[in-house]
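Subject: Structure handover and ligand site notes

Hello,

Here is the structure we discussed. Please open it alongside this email.

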Amino acid sequence: MREKKLLWKLLPPLLLIVFAALTVVMANAARAMRRFHLDQKEQKLIRIAQLMESDVRVSIEGYDRQRLEDVSGRIGANFQVRVTVVMHDGTVLSDTHEDPSEMGNYSQRPEIIGAKTGRAGRSERYSRTLETEMLYVANPVHSGQDEGGDNAGSLLGYTRIAVPLSPINEALRNMYRRLILGAFVAALFTASICYLITRGITKPLYMLKAGAQKFATGGLGHEIQYTGISEMNEVAAAMNGMADDLNERIRTVRNQKNEIDAILSSMDEGVIAVDEDGEVISINQSAITMLDINPTAISKRPLEEIIRNSELSQITESSLSKKEPAKGEIVVGRGKNSERYLRVSSAPLKDSRGACLGAVIVLSDQTQIKRLERIRSDFVANVSHELRTPITSIKGFIETLQQEDEGLSEDKRRFLDIIASQTNRLSAIISDLLSLASIEKDAGSDGVELQKRPLCGVLENVLEFCHHRAEARNITLEVDCKPNLKAMINPDLLEQAVINLVDNAIKYSRPGDAVRIEAIRKNQEVVIRVIDNGCGIGSEHLDRVFERFYRVDKARSHKLGGTGLGLAIVKHISMAHRGYTELESTPGKGSIFSIHLPAS
Ligand code: ADP
């Protein structure tokens, strides 16, 4: 639809109404005026006809044509009219302008027909004789009128008086002209009034519009002025109220945003918010520093474009698509000294109705911790390495001393046995510490070497390694693994991990129990489980048994020759395979230790 200004919508119909009303009034006035003038003229002509009525009657009754012509001529000349006397049968007796003998029969003239009713007849028409518009009035003439003047006698004829209409028309035209002029002035006046009224309506509307535009461009402090129209004032009041309300809300939101910005920028952790398409909505200073990115042109760009790190993209993508939290570790920066280790936690960003809007990624810098861990690990590795030679040498001397049969008292032999057992423990601890250090080192640098290999072979090796120990404790070992089940593994390391688990299962089971080793494929994982019916572990220890040197029952562990490092080694080997460990256990009933590896 074509848009028009309100002024042009209101003004033309108003003007149309005014002009239509004026036209109707003018047309009626003109018609009434014409009617009035013609009636006046008619009355005048009737009076003239009545003036000569007696002369006409006498002349007709006495066939005095001369008298008739004299009277007609005098009256005609005096009043500037045409006088025609017509007999009752329509024969023209006299006429002031024409020869009656050439005028034919007048019985069918409208004014004569009108006068046959006994009253004056009238007609306006064009006279071919005089070639002008004429007003004709015919007055009936009766014989033998009584004294009261009533037309009681028989109809003798008619006195017809005619005048040209041109003077009346001219007078009327003058009047019309004035009327039109007056109407034009009235129209102009009413048009101006209409314009002012319309302006009166539209002006406050324009003020409202200007106010609304100011609000829309942020000028919420602006106040729309009140006008003389109460409805408009109500709208203005509502809009002013709305603007105040909006201003207040924006102030609150801005304050909240400032607070959130202040909190985010003072956080040590990096925080990035992305929308559901992975485009950055917000990023704090710590994240910019950690990722070493250019702070300009970050907003509304995909995160993977800003920082090209496949692990980070995978974690973000995973929490966006699965709408679940995701975690991981990434390394950013190139070169040995500028590398940063970041722990990444990504959680879906949800609105109040639970709809996913994107994700929040929190980065925490682990570089310092990693460095300290490396120092610790190096230290432990160095110490273990340094201790290895003296311990081996001590072990050798003890063995030599133990082999001497003579000269050793019973007590000395017992002491030597104790020293030998403690040295063996020390040696086992050092060996485990070195294993751990080596796994950590391999996993930390280029990662351990993984190959796609069947798990059956690994588990059979474990069985072979452990079956003597199991037999010694009267424990049955069962292995269940499909021959075609493969995974990306480092066979030696995985074997070591499973041996540790099976060794524990044997150690912590009762004689006669069974230990089951199984490997299955579950969803996207390959799971190796070691299941025993042994003493089990209390729920309070479940979270900690994979820590170094954590033992549930210290005395029992010592007695069984445990180092407290077996499960820590299992955990690190699983991590080196990009997997993890799990433990389900019920005290008195047994435990299930599982190693989860990603399926290739
Ligand atoms: P340890 O050399 O002492 O066995 P590990 O790291 O292998 O050290 O195990 C840590 C602790 O976890 C053990 O001391 C033991 O208390 C407990 N544990 C490990 N495996 C089992 C098991 N299969 N059943 C019960 N307890 C176990």
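Below are my notes on the ligand, its shell and its pocket.

Please keep in mind that this is a predicted model. All values below are computed from it.

Ligand contacts

The shell around the ligand counts 22 residues. Nearest are Asn504, Asp532, Ser557, Thr563 and Leu567. By class, ten shell residues are nonpolar, eight are polar and four are charged.

- Tyr508: an N or O atom of its side chain is 3.2 Å from a ligand oxygen.
- Gly566: here a backbone N or O atom lies 3.3 Å from a ligand oxygen.
- Lys507: a polar side-chain atom is 3.4 Å from a ligand oxygen.

How much of the ligand does the protein cover? On its own, the ligand has 530 Å² of accessible area, and the protein covers 98% of that.

Which elements give two or more residues to the shell? They are α13 (491-507), α15 (566-576) and β17 (590-598). The top contributor is α13, with three residues.

The ligand sits in the second largest pocket. The volume of that pocket is about 930 Å³. Its lining has 42 residues. Closest to the pocket centre are Asp503, Asn504, Lys507, Tyr508 and Gly562. Asn504 is also among the residues that come nearest to the ligand.

Best regards

Definitions and conventions
Residues are numbered from 1 along each chain as its sequence is written. This is a predicted model: local features need pLDDT of at least 70, side-chain atom pairs count only at pLDDT 80 or more; totals for chains, interfaces and linings use all residues. Side-chain values use heavy atoms; hydrogens and water are left out. A residue is near a molecule or strand if one of its heavy atoms lies within 4 Å of it. A polar contact is a pair of N or O atoms within 3.5 Å; within protein, one must be able to donate a hydrogen and the other to accept it, and residues adjacent in sequence count only if both atoms are side-chain atoms. Accessible areas come from the Shrake-Rupley method with a 1.4 Å probe; for residues, only the protein chains shown count as cover. On a 1 Å grid over the protein atoms alone, a cavity is a set of points where a 1.4 Å probe fits but cannot get out, and a pocket is an open set with protein on both sides within 12 Å along at least five of seven lines; lining residues have an atom within 4 Å of a point. A molecule sits in a cavity or pocket if more than half of its atoms lie within 2 Å of its grid points. Helices (H or I, at least four residues) and strands (E, at least two) are DSSP runs, numbered from the N terminus. Ala, Val, Leu, Ile, Met, Phe, Trp, Tyr, Cys and Pro count as nonpolar, Asp, Glu, Lys and Arg as charged, and the others, Gly among them, as polar. Grid points are joined across faces, edges and corners, and a volume is the space filled by probe spheres set on the points.
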